[in-house]
Amino acid sequence: MEFSLEEMREHLAALEARIAEACKIAGRSRDSVKLVWVSKFHPAEAVENAIALGATDFGENRVQEAELKFSAPRMAKDGSRVRCHVIGPVQSNKLKKAAIVADCIHSIASIEAVEKLERVCAALPGNGAGASQGKILDILFQVNAGEEETKSGLDVHEAEAFLADLETRAGNYPHLRFRGLMTIGKNTGVAEDSRECFAFLRGLQQKFLAKGGAFAHFDQLSMGMTGDLEVAIEEGSTMIRVGTALFGERDYSKPVNDPV
Ligand SMILES: *Cc1c(COP(=O)(O)O)cnc(C)c1O
């Protein structure tokens, strides 16, 4: 059962209290942390309710589900256009569709994906973000900082070398804006267990942000979910990706249908 608007309003209030407390402990302002509403497995009506409650940014795992809900532009309450974040691993043959629907892809983890995205974005209509031609796309690199075999992302021991290599060829990607790093914390049920990997991510992100150049916009850390967002905020997260605490449990037996 999907939540009603009133139920979502209550869940949002409870979540905002958690975020506010974490920001207070970390000495950060609330507006330094963006809330990305993870709407995967929830229908378009849930997205409409979220927008009514002020949501501006949504996260989806699967490209087809993102297309279904976010291909048609939607307006947020603040008058901005709703942004779609692709946060799940994207197969090579879906990168073009991902580039079209997404404002930001959080899950890039190979040089092949970077190369292909650049080609794809160069051929898309401009989005007014700077280049005379093509779409400028924000991307984050996913690091498997939790070091769990089931998780995708750059190997934690190879992430720095990957970024350093990218730096040497950064001029090749005029349509991609390297925005930062993403990780999924350890799935132990204990939020504290993820602190170390969140701190590691921050160290790596700060190091590359300081280089400037191709990494001049590398100011984002996408980390923290329903179970560990406080620890993530304390460790510097700028984007928390929250599904369950806002929309309730996902019913994996009822995938949102692909567009026909
Ligand atoms: C599903 C998902 C989330 C949201 O998780 P919740 O625990 O429901 O908040 C965040 N990030 C990624 C990458 C996800 O796949």
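**Domains, ligand shell and a buried helix**

The C-alpha centres of domain 1 and domain 2 lie 20 Å apart. The structure is a predicted model. Domain 1 covers residues 1-86, and domain 2 covers residues 101-234. Contact between the two involves 19 residues of domain 1 and 13 residues of domain 2.

Both domains also contribute to the ligand site. Each of domain 1 and domain 2 supplies at least three residues to the shell around the ligand. The shell consists of Val38, Lys40, Asn61, Ile87, Ile184, Met225, Thr226, Arg241, Val242, Gly243, Thr244 and Arg250. By class, 5 of these residues are nonpolar, 4 are polar and 3 are charged.

At lysine 40, a side-chain N or O atom is 2.6 Å from an oxygen atom of the ligand. At arginine 250, a side-chain N or O atom lies 2.8 Å from a ligand oxygen. Glycine 243 takes part through its backbone, where a polar atom is 2.9 Å from an oxygen atom of the ligand. On its own, the ligand has 390 Å² of accessible area, and the protein covers 90% of this.

Arg250 belongs to the ligand shell and is also among the residues that histidine 42 touches. Histidine 42 sits in the loop that runs between strand E1 (34-38) and helix H2 (44-52). Its relative accessibility is 1%, so histidine 42 counts as buried; the cut-off for this class is under 20%. The side chain of histidine 42 forms a polar contact with the side chain of glutamate 2, at 2.9 Å. Leaving aside residues up to four places away in sequence, histidine 42 touches Glu2, Glu65, Lys69, Phe247, Gly248, Glu249, Arg250 and Val256.

Two of these neighbours, Glu65 and Lys69, are buried residues of helix H3. Helix H3 spans residues 63-70. It is largely enclosed by the rest of the structure, because 6 of its 8 residues are buried. The buried residues are Val63, Glu65, Ala66, Glu67, Lys69 and Phe70. Their cover includes H2, strand E2 (57-60), strand E3 (83-86) and helix H4 (95-101).

Definitions and conventions: Residues are numbered from 1 along each chain as its sequence is written. This is a predicted model: local features need pLDDT of at least 70, side-chain atom pairs count only at pLDDT 80 or more; totals for chains, interfaces and linings use all residues. Side-chain values use heavy atoms; hydrogens and water are left out. A residue is near a molecule or strand if one of its heavy atoms lies within 4 Å of it. A polar contact is a pair of N or O atoms within 3.5 Å; within protein, one must be able to donate a hydrogen and the other to accept it, and residues adjacent in sequence count only if both atoms are side-chain atoms. Accessible areas come from the Shrake-Rupley method with a 1.4 Å probe; for residues, only the protein chains shown count as cover. Ala, Val, Leu, Ile, Met, Phe, Trp, Tyr, Cys and Pro count as nonpolar, Asp, Glu, Lys and Arg as charged, and the others, Gly among them, as polar. Domain bounds come from an automatic or database domain assignment. Helices (H or I, at least four residues) and strands (E, at least two) are DSSP runs, numbered from the N terminus. Buried means under 20% relative accessible area, exposed over 50%, partly exposed in between (1.4 Å probe, protein chains only). Contact means heavy atoms within 4.5 Å.
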